[in-house]
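Subject: Structure for you to look at

Hello,

Here is the structure I said I would pass on. Please open it next to this email and follow along; my notes come after it.

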Amino acid sequence: MSQSYSINGEVLTPEKMEESSPLLPSSSYSNSSSERDHGDEVWALSRSLSRNDAVGPKIQARATRRTLGLFAGVFCPVALSMFSTFLFLRSGFVVGQAGILEAVLQLVLAYFILVMTVLSISAISTNGALEGGGAYYMISRALGPEFGGSIGFLFFVANVLAVGLYVTGFVEAMIENFGPGGTMVDQPFLKGDHDFWYKYLYCTIVLFVCLGICIVGGAMFAKTSLLIFLIVVICLLSVIVSVFAKNSTTPIEYAQQAKHTHERKNVSQFCYEVNASGFVQDSANYTGLRAATFHDNAYSHYEKDYTSKDMMTFASVFAILFSSVTGILNGANMSGELKDPSKAIPKGTLYAVMFTFATYFIEIILVGGSCDRCLLLNNYIFLQEINLWKPFVLIGIFAATLSAALGNLIGASRILQALANDHLFWFVLNPASITTKSGNPYVAVLISWFLVQLVLLVGSLNAIAPATSVFFLMSYASVNLACLALELASAPNFRPTFKYFTWYTCVFGLIGCILMCFLISPIYTSAAIIVMLVLAIILHFRSLPTQWGSISQALIFHQVRKYLLMLDSRKAHVKYWRPQILLMVANPRQCSELIHFINDIKKGGLYVIGHVKLGSLDSYPKDPVLEENSKWMGLIDYLKVKAFVEVTMANSVSEGLQHLLRLSGMGGMKPNTVCFGFLDDAKPKDMLSVESAGRKRRFFTRLESGKKESIDNLFMNVRGEGDPRNLASLEYVKLISDSLKMQKNVCLCRHFDQLSKQSIVHSKKQLFIDVWPVNLFRPDTANFFDNTCLFMLQLACILTMVPGWKSKTSLRVFLCLNAQTDNTLQKQQKLDCFLQQLRIKASVKIVTWDHLVQHLPVMSGNSNGKLNLMEKFHPVPEEFISAINQMIISYSSTTAVSFLYLPIPPAESRDNETYLNSLKMLSENLPPTVFVHGLHPVTSTTL
């Protein structure tokens, strides 16, 4: 954790305080594990401002590195990357295939997506101080590590594909000019484009030159983008001037590869007419600006592409156009070098988008109005032939494609370095973080270079373009998604200075990107989405200990608050009842199995683990509950239960329980059931250590060994035999009484140190969940069913629905009868029918207890009176309790859990000791046992 403190007028910062841009040659990207603590940063800033502190040396160094302004730092890189292959190599192809009208439509559609995305980039980049890291940094820090890492990977792949695209375009131009039939030489010194391996060799050589530049002089290249941009603009102006200057009809031959493709009959016969002399037409006219030419080229005429031999469609032509204008993030990638990135990125990117759109629109009109369609379809470098000086276009092609390839190779390596420094993918990417002394990540450059070599095997620019467009569109969609999520979360700290965006511009950009992805290539799009989701899931289970913040938490808060307001407890109905449980825990060491058990029976309901810290706030300098909360949250993470934690401080446990019962939960989600461990004289067992020892290291989580050690140090050891309890017997019974007074169902859980769910899951014999729906202290009420009996059945039924319990246990209900006075068959049939109406699958077990109850004194009360007395405790002889206990034990050899009836505590406090001792005797030597008392209806027989 980095901190800065203002002392004696100087800001002191640790050595690792700065975060530099991973997307620039001269930058070094900081490890995510040493992120700043934002609270300390704001504290230091406020002190510094209040005392007029001097700027520290690290901040001065950072300001010194930021030397680029809006034009050189954003406008030029963005415009240069957006020119790339379309400007001189594919403008004629797009117009020839799609026609002028559809070409303009595709241009407008592409730029609509780009503008919407630029608005999102501008909003994110102006929401606070943007350090280094560019687009990946913005996306990952806005969406969190899961989606940040997966989208960063897609962005890396997009840049790798783009390098292959631009290198292929560069080589195609070389072959067209210096190969067989080349326009610049009489004697070719390069092999023809139809020879695949020679073309691959040329691409490899060009890519190797790019590799050398990136390793040796990458920083110099980043500073020469202004000069390269000016060269491209001059070459572009020469094209425009030439169209107006050369206004006569001029025949221009088809490209050599187009002729070769026609000879192999890989294209249609359109444009290859045979005249009367048998001569095959192999040229078309440049007409100059003519209305007839404009009319002929107005509409689409899709043909096979002579480089890829594939039939073109609207989607494939759009893919080629869009792949050439994917450089809008290059300005954001320069964030670490910009003097004022929050101002330069929005303005520079928007200016570049407007400039390139105007340029392309003018070029489409001029090309469509001056060149025959056959020329556009069969010669991709026709602009050289119509130029006043051919080398202008050649220089422009080389400058645009080579600079774009270099920029994307540098960008890909810096994204890979950033992913490695963030340690998102374990040790896999660690080599990519290795840099030179100047901060150049040469290993990341080598990895990127190797992957581009594989991309070059595709061979054709037009074949690489669809995948490139899809991956860039997915990256742009993620930017729009990040901005949309920030806007919808309504976080008060999201207040960008750029105001020209709303949530619907983000939605338009997001939908546009996704639709065009599927239009271009459903296969590539599906693969990209699957890869992104798989990586997001892996990173989610990775449990990354980052300080980035996650937009998912803000969105969850926003939605949960909205739906909690809609959840009205007054509209609750018994048909949709579910347990919402508060489990009181004194020391989690001795009840980890109980915590897991309650997690099983909650059935998607609220689960709160409550703890009372004894003491008074006046005795502490600050609230100790804050520290306790973090410990208990760590326990929840460790045990992997779906529970909340509530810790309070009070002078007694009973007072703390009242706090928790009143304040736990929120809105319509409040506890309706309280669970306690059992108070007895048994020596507590450290079940948490037993669980820790049995844990195995998991691949997707952090190291369990370190986590175990921290858990062992968080909570005090279990109570020894001679150690006093913090809770007396009378207070324990008072907890039960207070809970019932506050209209909460009550469960007392005993012997859960004997429970092992793993043993149940791996058991080879069928086990039972036993329910004894009778107040065993009032045997005369055995013929009645009240809310407590229904609640016991409901909890037991829920347990049989839980994975693990469902396959290995079955429900068994015990019906206690007097064989001399009761009609056994009738009562069994009646209980079977009742269980069937409740949709509870259980077997009924008849138990006769004549020999036990005949020795009890006759208890007063008629039928209605006995129903009312059923829930009350009635003292009975210890011999009777012991006999009942032995009877239950005799049926419990294959019992996993037993549910017993819990009578309400006696009204007189002097009887509390008898009450608790009776419960102890009744449950002695039983399997894990739950005493249950219910107050409200929890199940229904109606629809």
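A residue is called buried when its relative accessible area is under 20%. Keep in mind that the model is a predicted one.

**The sheet**

Start with strand β11, residues 809–817. Of its nine residues, eight are buried, so the strand is mostly covered by the cut-off just given. What lies on either side of β11 can be read from its pairing. Strand β10 (residues 767–772) is joined to β11 by five bridges, and the two run parallel. Within that pair, Val813 of β11 stands opposite Val771. Strand β12 (residues 842–848) is also parallel to β11, with seven bridges between them. Here Phe814 has Lys845 in β12 as its bridge partner. To get from β11 to β12 the chain passes through helix α31 (residues 824–837), and this β-α-β crossover is right-handed.

These strands belong to an open sheet of 10 strands with mixed pairing, in the order β7-β6-β5-β8-β9-β14-β13-β10-β11-β12. Which strands are at the edges? They are β7 (644–650) and β12, each of which pairs on one side only. On average, neighbouring strands in the sheet are turned by 25 degrees against each other, direction ignored.

Further along the order are β13 (residues 895–901) and β14 (residues 929–933), which run parallel and share four bridges. Leu900 has Phe931 in β14 as its bridge partner. Helix α35 (residues 912–922) lies across β13, β14 and β9 (745–750), and runs at about 55 degrees to β9.

**Helix α27**

Does the length of helix α27 (residues 729–741) agree or disagree with what its residue count predicts? The helix has 13 residues, and at 1.5 Å a residue they should span 18 Å; the end C-alpha atoms are 19 Å apart, which agrees. The buried residues of α27 include Tyr732, Val733, Leu735, Ile736 and Leu740, and also Glu731 and Asp738. Among the elements that cover the buried residues of α27 are α24 (653–663), β8 (673–677) and β9, along with α35 and β14. Just after α27, Gln743 has a positive phi of about 60 degrees.

In soluble globular proteins, nonpolar side chains tend to be buried together. In this model the largest nonpolar core has 170 residues, and Phe88, Phe322 and Ile328 have the most contacts inside it. Helix α4 (residues 86–125) gives the most to this core, with 22 residues. Leaving aside residues up to four places away in sequence, Phe88 touches residues including Val232, Leu236, Tyr380, Leu383 and Ile397. There is a second, separate core of 63 residues, which includes Ile609, Leu767, Ile769 and Leu838.

**Two single residues**

Not counting residues up to four places away in sequence, Thr468 touches Ala158, Leu161, Ala162, Leu165 and Ser323.

Ala245 lies in helix α8 (residues 225–245). At 49% relative accessibility, Ala245 counts as partly exposed. Ala245 and Asn387 are 142 residues apart in sequence, while their C-alpha atoms are 9.2 Å apart in space.

Regards

Conventions. Residues are numbered from 1 along each chain as its sequence is written. This is a predicted model: local features need pLDDT of at least 70, side-chain atom pairs count only at pLDDT 80 or more; totals for chains, interfaces and linings use all residues. Side-chain values use heavy atoms; hydrogens and water are left out. Contact means heavy atoms within 4.5 Å. Buried means under 20% relative accessible area, exposed over 50%, partly exposed in between (1.4 Å probe, protein chains only). Two strands pair if DSSP finds at least two bridges between them. A crossover is right-handed if, with the strands pointing away from the viewer, the path from the first strand over the helix to the second runs clockwise. Axes are lines fitted to C-alpha atoms, for helices over the stretch in contact, and angles run from 0 to 180 degrees between N-to-C directions. The expected span of a helix is 1.5 Å times one less than its number of residues. A nonpolar core is a set of buried Ala, Val, Leu, Ile, Met, Phe, Trp, Tyr and Cys residues joined through side-chain atoms within 4.5 Å.
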